[in-house]
Amino acid sequence: MNHSSQANTQQGGQEEAFELAVNLLRSSRRVAVLTGAGVSAESGVPTFRDAGGLWEGHRVEDVACPEAFERNPAFVWKFYNQRRAGLKTVLPNAGHHALVDLEQRLGTGNFTLITQNVDGLHRAAGSVRILELHGNLGRTRCTGCSRVEDRSGETLTDLPACPHCQSPLRPDIVWFGEVLPAKAWEEAEEAVRNCRCLLVVGTSAVVYPAAGLIYLARAVNAAVIEINRENTPASSLARVSLFGPSGQILPQLVTRLGAGDDA
Ligand code: BV8
Ligand code: ZN
């Protein structure tokens, strides 16, 4: 049965859904979390949907892909340099910090944070067990010698060259049509296969294979809890959906989880 409560419906629905979510988390020894751009929205990082999935009138999928980089690397780097510059002014929000608390409460080995985000905010907040499925805006990868380097905070030109072999650098990002990093993906599948609860936060659940992890959770009878501002394809798979901003909902969840301990 799927309990979902719109934040603006009768208080009972929200309270009942919250209670169920807290109980599901409390009774789950191992928890996996899948986050998307929505968890960083309250930090001021625009989601893909906010921009209507567009950047300078182009569909993100048409810019974030190898063909676009092949065709016009400077245009693609302009897209990424603009987002890299935006990261200098953003900080983790209360939702990121609540996920750090949850990891500390469950302990290493019982918590895995799988993120589609490339903004590095989970690590900045202090999360430890993080699997970045789609790469990271701070890192560059050389198209020649394949070296991956952390260049966070640096301002790169629109055609940066490798300091080691002078070949063109690319962002260390998984583009549409590219495979995900094998190790991160295998560990993400493993974490979901072994979890008892999958918390799905701030994702439109339309990008694959990441969204497939939600179906995997169902296949192993793990409880899926969704936190989002609106219905998504994950909502029909969720045992409970909590609708509202994750920066408010996550801290409330973790606080109530802790409160139950003292009771
Ligand atoms: C692959 C890096 C093939 C780039 C990213 C047709 C059907 C199905 C699949 C496909 C298809 N055609 C092609 C595909 C495959 C494709 C895909 O899934 N396309 C989608 C668009 C249909 N996938 C791929 O190409 C993947 N690779 O398939 O390889 C292959 C296989 C074998 C061998 C060779 C090749 C690669 C996918 C990775 C792409 N890279 N990121 C970059 O960031 O520049 S994906 C990118 O978009 C993000 O990383 C993110 O994952 C995704 C956007 O999703 P969200 O994070 O969910 O963000 P979004 O804005 O969509 O939603 C935000 C949500 O938050 C909303 O629900 C909103 O309501 C909510 N929200 C907002 N504010 C808040 C909130 N919630 C709570 N609180 C708030 N305050
Ligand atoms: Zn190089």
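**Exercise 1.** Which helices each supply at least two residues of the shell around ligand 1?

*Solution.* Keep in mind that this is a predicted model. Start with the shell itself: 36 residues surround ligand 1. Then look at the secondary structure. α2 (38–41) and α5 (73–87) each contribute at least two shell residues. Among the closest residues are Tyr80 and Arg83. Gly177, Ser204 and Asn228 are also listed as closest.

**Exercise 2.** Classify the shell residues of ligand 1 as nonpolar, polar or charged.

*Solution.* Sort the shell by residue type. The nonpolar group holds 16 residues. The polar group holds 13. Seven are charged.

**Exercise 3.** Find polar atom pairs between the protein and ligand 1, and then state how much of the ligand the protein covers.

*Solution.* Apply a cut-off of 3.5 Å to N and O atoms. Step one, oxygen atoms of the ligand. A polar side-chain atom of serine 204 sits 2.6 Å from one oxygen atom. For arginine 49, a backbone N or O atom is 2.9 Å from a ligand oxygen. Step two, nitrogen. Glutamate 178 places a backbone N or O atom 2.7 Å from a nitrogen atom of ligand 1. On its own, ligand 1 has 1,500 Å² of accessible area, and the protein covers 74% of that.

**Exercise 4.** Decide whether cysteine 197 is in a disulfide, and whether it is buried or exposed.

*Solution.* Search the whole structure first: zero disulfides turn up. Now check the distance. The nearest cysteine sulfur to cysteine 197 belongs to cysteine 195, 6.9 Å away. A disulfide needs sulfur atoms within 2.5 Å, so cysteine 197 is in none. Last, accessibility. Cysteine 197 has 0% relative accessibility, so it counts as buried. Cysteine 65 is buried too, at 8%.

Key
Residues are numbered from 1 along each chain as its sequence is written. Chains are lettered from A and ligands numbered from 1 in the order in which they are written. This is a predicted model: local features need pLDDT of at least 70, side-chain atom pairs count only at pLDDT 80 or more; totals for chains, interfaces and linings use all residues. Side-chain values use heavy atoms; hydrogens and water are left out. A residue is near a molecule or strand if one of its heavy atoms lies within 4 Å of it. A polar contact is a pair of N or O atoms within 3.5 Å; within protein, one must be able to donate a hydrogen and the other to accept it, and residues adjacent in sequence count only if both atoms are side-chain atoms. Accessible areas come from the Shrake-Rupley method with a 1.4 Å probe; for residues, only the protein chains shown count as cover. Helices (H or I, at least four residues) and strands (E, at least two) are DSSP runs, numbered from the N terminus. Ala, Val, Leu, Ile, Met, Phe, Trp, Tyr, Cys and Pro count as nonpolar, Asp, Glu, Lys and Arg as charged, and the others, Gly among them, as polar. Buried means under 20% relative accessible area, exposed over 50%, partly exposed in between (1.4 Å probe, protein chains only).
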